[in-house]
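Here is a report on one protein chain. It covers contacts, cores, sheet and salt bridges.

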Amino acid sequence: MGDYTESARVSGVPGGAPAPRLLEQVRRRLRVKHYSLRTEGAYLQWIRRFILASGKKHPRDMGALEVEGFLTRLATQGQVAASTQNQALSAILFLYREVLGVDLPWMDKVTRAKKPQRVPVVLSVAQTQRLLARLDGRDWLMASLLYGSGMRLMECVRLRVKDVDFARNQITVRDGKGGKDRRTVLPASLVDALQRQLAQVRLVHADDLAAGFGEVWLPHALARKYPNAPREMGWQYLFPASKRSIDPLSGLERRHHLDEKVLQRAVKSAVRATGLDQPVSCHTLRHCFATHLLEAGYDIRTVQELLGHKDVTTTQIYTHVLNRGPGGVRSPLDRA
């Protein structure tokens with residue numbers, strides 16, 4: 001960050017002791033508010049860039065002019081997407097409101113970039129099946145879960161053993177987008193493969209316990225409330241990492257979930273092997289789940305609930321491929 005953010009101190013700490021560095025204050029506040037490590041890294045990056053772009057002035061000495069100028073340069077010079085620009089604004093808002101404790105009326109007037117409405121890429125059922133056929137083992141199982149249940153990528157890799165209910169054929173998604181829990185369908189065709197994956201997880205967990213490890217990270221201080229829970233089988237990740245690693249928050253050696261990049265690379269390779277020209281990603285399988293359910297005649301409210309959308313208007317975008325859209329219209333040229 002240069003001489004400013006790595007050395008700058010904020011006065012006013014009792015006893016005359018120097019206050020934590022500004023970025024360290026931001027980090028601590030983010031963790032108190034239970035923000036994810038991903039969001040923490042992104043917010044710290046944007047706050048650092050904002051201060052550097054403003055000549056290393058202290059945020060207290062800046063106002064609407066600097067914020068709007070920074071966001072404008074992102075759009076005009078950096079040509080970033082609207083979602084990226086809005087993330088930068090959210091980081092700056094967090095800095096002022098949560099860290100500096102400054103409630104500035106002008107912050108509410110800063111215009112957020114309007115996110116353009118994009119029609120999602122959706123494969124046909126046959127294309128989706130060909131794509132999945134190019135995968136095998138754990139990669140096939142995870143990609144099939146994305147398509148078969150409509151989960152997001154991170155919801156899939158963060159699945160815990162206890163959240164897969166074979167008796168009711170359902171999966172409970174914990175702390176999804178917006179911090180919400182929901183239930184979605186467990187594809188019957190994946191039960192055997194999931195049982196085999198579960199057996200593998202048991203072996204890995206038993207080895208970790210025998211080696212003096214076996215604890216898994218628990219959210220929201222549950223480990224203090226239930227001291228034995230981190231070592232219980234139910235809390236283990238359904239798709240664990242191949243190796244244990246050091247938890248950056250606690251410093252403990254634990255087995256985290258699989259890195260999502262592993263599945264992303266596998267799907268990307270399968271897309272190339274299938275010969276698909278569309279820009280297909282793991283999230284495309286979620287789009288396919290929703291669209292194919294609507295094509296099959298399921299009620300849009302049911303699909304909304306399975307996807308975890310707050311508003312049904314978000315789900316309505318998937319009707320673009322149904323017969324109510326352009327696909328159901330006969331061109332006048334074809335009548336000639």
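Methionine 151 touches Leu145, Leu146, Cys156, Leu159, Ile171, Val173, Arg182, Thr184 and Arg286, leaving aside residues up to four places away in sequence. Contact here means heavy atoms within 4.5 Å. The model is predicted: local features need pLDDT of at least 70, side-chain atom pairs count only at pLDDT 80 or more, and totals for chains, interfaces and linings use all residues. Residues are numbered from 1 along each chain as its sequence is written, and side-chain values use heavy atoms, without hydrogens and water.

**Cores**

A nonpolar core is a set of buried Ala, Val, Leu, Ile, Met, Phe, Trp, Tyr and Cys residues joined through side-chain atoms within 4.5 Å. Buried means under 20% relative accessible area, exposed over 50%, and partly exposed in between (1.4 Å probe, protein chains only). The largest core has 37 residues; Leu145, Met151, Leu194, Phe239 and Leu263 touch the most other members. Among the elements that give two or more residues to this core are helix H7 (137-149), helix H9 (191-210) and S2. H7 gives the largest share, 6 residues. A second, separate core holds 26 residues, including Leu22, Val26, Leu30 and Met62.

**Sheet**

Helices (H or I, at least four residues) and strands (E, at least two) are DSSP runs, numbered from the N terminus. Strands pair if DSSP finds at least two bridges between them. An open sheet of 3 strands runs in the order S1-S2-S3, with antiparallel pairing. S1 (164-165) and S3 (182-185) are the edge strands, each with a single partner, so one side of each has no neighbour in the sheet. S1 and S2 (residues 170-173) are joined by 2 bridges. Valine 164 has isoleucine 171 in S2 as its bridge partner.

**Salt bridges**

A salt bridge is a side-chain nitrogen of Lys or Arg within 4 Å of a carboxyl oxygen of Asp or Glu. The count is 19.

| Pair | N to O distance |
|---|---|
| Arginine 27 and glutamate 24 | 2.8 Å |
| Arginine 182 and glutamate 155 | 2.9 Å |
| Aspartate 181 and arginine 174 | 3.4 Å |

Salt bridges that share partners join Glu24, Arg27, Arg28, Arg31 and Glu40 into one network. Arginine 27 and glutamate 24 both lie in helix H2 (residues 22-32), 3 residues apart, about one turn of the helix. Arginine 27 is partly exposed at 23% relative accessibility. Glutamate 24 is also partly exposed, at 29%.

Arginine 182 and glutamate 155 are both buried.
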